[in-house]
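The account begins with the terms it needs.

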Amino acid sequence: MTDITSLILDDHDRFRRAFAELDDLASPDELAQAWEPLAALLDLHAAAEEAVFYPELIQRGTDAEDETLDAVGDHNDIRDAVAEARRHPAGSPPWHAAVRQARTANSEHMAEEEDDALADFRRHADPGLREELGRKFLAFKAEHEDGRGIDTGDVDPERYVAEHEQQTGKDTPEDVSLGIGGLKEQ
Ligand SMILES: [Fe+2]
Ligand SMILES: [Fe+2]
């Protein structure tokens, strides 16, 4: 079973459990050991969704444009908090503050993504496509395991949507002007 919406939910469950496990740890070494794979998965999950899931949602969803703008903006908030945590020693007050920020941003985002984007996609994508995208999602994650080759910089939400609408012919003249340039803001 490789339905992409189910694979995304599996990662979301991993996030909830991994953040909860941090609550039981106190030593900097333990916190660092638990946090690093969680931080890597947060970045990898957002990149995999942006590479595989959201471009397909844009083609099919009822409210896909707003859902995608929201999601990419939320992913930026999560990426920023993860990057901030990486600047401080595990267990230090600024590290705790950044991890808290990542957790809150991620929890809010997962709820919206599950109730809006994933629900919208299930209503408009057939089971075969959901399976095919699931395989691509897993392949992307395997290729970039531990964050290898992932760009963790912010992605401009408007530009991302415009580029993907353009690729699928859903663009308007206004969107074309926004769609110039790369996906990532450097
Ligand atoms: Fe997600
Ligand atoms: Fe997401």
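A residue counts as buried if 20 or more other C-beta atoms lie within 10 Å of its own, as exposed if 12 or fewer do, and as partly exposed in between, with C-beta atoms placed from the backbone. Helices are DSSP runs of H or I with at least four residues, numbered from the N terminus. The model is predicted: local features need pLDDT of at least 70, side-chain atom pairs count only at pLDDT 80 or more, and totals for chains, interfaces and linings use all residues. Residues are numbered from 1 along each chain as its sequence is written, while chains are lettered from A and ligands numbered from 1 in the order in which they are written.

In helix 5, the buried residues include Leu133, Gly134 and Phe137. They sit on the same side of helix 5 because they cover an arc of only 115° around the axis, the arc being that of the directions from the helix axis to the C-beta atoms. The face turned away from this buried side carries the exposed residues Gly128, Ala139, Ala142 and Glu143.

Helix 1 has Ile4, Leu7, Ile8, Phe15 and Phe19 as its buried residues. Seen down the axis of helix 1, these fall within an arc of 115°, so they line one face of the helix. Asp10, Asp13, Arg17 and Ala20 are exposed on the face of helix 1 turned away from its buried side.

What do the buried residues of helix 5 pack against? Their partners are helix 1 (4-22) and helix 2 (28-60), where contact requires C-beta atoms, placed from the backbone, within 7 Å.

Conventions: Helix = DSSP H or I, 4+ residues; strand = E, 2+ residues; numbered from the N terminus. Contact = placed C-beta atoms within 7 Å.
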